[in-house]
Amino acid sequence: MTASSHRLELPVPAAAGDVVDAVVHRPERPSGPPVLLVPGAGGSLDSEPLVALAELVAGCGHTVVRANLVHHQEQRRAPRAETSVAGFRDVLAAARAAHSAAPQGPWVLGGRSYGGRVASLAVAGGTPAAGLLLSGYPLHPPGKPDRLRVDHWPNVGVPCLFVQGDHDPMADLELLETSRRKLPRRSQVAIVPGGDHALRVTAARSPDGVPRSPTAGLAEVAPAIRAWLAER
């Protein structure tokens with residue numbers, strides 16, 4: 001399914017300029033809940049892994065808003081994820097207001113790395129969601145698997161889909177499998193073979209010796225993402 005896209009500004013009181021940049025992907029025949037996706041800590045709404053995820057989801061028939069958080073907009077270093085929750089909720093409220101014609105139920109929330117973690121913290125704190133779509137969830141800092149970022153997971157009461165590379169230094173997959181038991185609702189994992197934190201696959205890790213971009217890596221798990229979205 002093809003989708004058009006256009007840029008807009010979302011009013012967010014916490015931003016210095018009172019707005020954050022966003023892009024809306026609108027399929028020809030929208031179906032299912034809309035989706036809000038936000039970037040990783042040092043990325044932006046235009047980073048390749050986030051754009052690829054948004055385009056894939058829009059191709060499944062969902063209206064998608066990918067948007068900066070306040071620190072992205074102001075080009076500041078990312079604060080602690082917990083500090084970004086209020087701003088994330090402001091972005092969600094602005095996205096909903098800008099698409100008042102969309103279905104009025106909960107949206108699917110998520111994003112890349114830090115952005116997905118912020119979305120999960122918001123849901124754990126009571127923000128309604130139809131599900132969490134988490135690409136490259138930062139389960140722990142690189143090389144520090146003892147510092148798991150899962151304390152809030154028992155309060156994440158929605159279905160989750162984790163899209164992870166099996167060479168991601170921020171997500172030991174065995175620890176992810178164990179930690180998922182903390183989630184009260186069913187969760188799933190879609191694994192990109194050879195993928196790093198951005199789902200990029202080097203030639204050395206590729207089964208055919210051909211490197212894969214984050215877009216190509218994500219395409220390998222497209223059927224799993226499509227099936228998960230169909231259940232929302």
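Me: What makes β5 and strand β6 a pair, and in which sense do they run?
Reply: This is a predicted model. In it, five bridges link β5 to β6 (residues 131-135), in the parallel sense. Pairing needs at least two bridges, so the two strands qualify. Leu109 sits opposite Leu132 of β6. Between the two strands the chain passes through α4, and this β-α-β crossover is right-handed.

Me: What makes β3 a partner of β5?
Reply: Four bridges join β3 and β5, again against a cut-off of at least two. The two strands run parallel. Val35 faces Val108 in β5.

Me: Why is β5 called largely enclosed?
Reply: Buried means under 20% relative accessible area. Five of the five residues of β5 are buried, so the rest of the structure largely encloses the strand.

Me: How do you know that the length of helix α3 agrees with its number of residues?
Reply: Helix α3 covers residues 85-98, which is 14 residues.

Me: Which residues of α3 are buried, and what covers them?
Reply: The buried residues are Val85, Gly87, Phe88, Val91, Leu92, Ala94 and Ala95. Their cover includes β1 (3-11), β2 (19-27), β3 (35-38), β4 (64-67), β5 (108-112) and α4 (114-124).

Me: Why is Ser120 called buried?
Reply: Ser120 belongs to helix α4. Its relative accessible area is 2%, and the cut-off is under 20%, so Ser120 counts as buried. Beyond residues up to four places away in sequence, Ser120 touches Leu132, Tyr137, His152 and Val156.

Me: Which members of the largest nonpolar core touch the most other members?
Reply: This core has 42 residues. Leu10, Leu36, Val65, Phe88, Leu109, Leu132 and Trp153 touch the most other members. The elements giving two or more residues to the core are β1, β2, β3, β4, α3, α4, β6 and β7 (160-165). Another core lies apart from it, with 25 residues, including Val35, Leu50, Ala52 and Leu199.

Me: What is Trp153 in contact with, leaving aside neighbours within four places in sequence?
Reply: Trp153 contacts Tyr137, Leu139, Phe162, Leu176, Ser179, Arg180, Lys182, Leu183 and Pro184. Contact here means heavy atoms within 4.5 Å.

How values were computed. Residues numbered from 1 in each chain as written. Predicted model: local features only at pLDDT ≥ 70, side-chain atom pairs only at ≥ 80, totals over all residues. Heavy atoms only, no water. Expected span 1.5 Å × (residues − 1). Buried < 20%, exposed > 50% of the residue type's maximum accessible area, 1.4 Å probe, protein only. Right-handed = clockwise from strand over helix to strand, strands pointing away. Core = buried A, V, L, I, M, F, W, Y, C linked by side-chain atoms within 4.5 Å.
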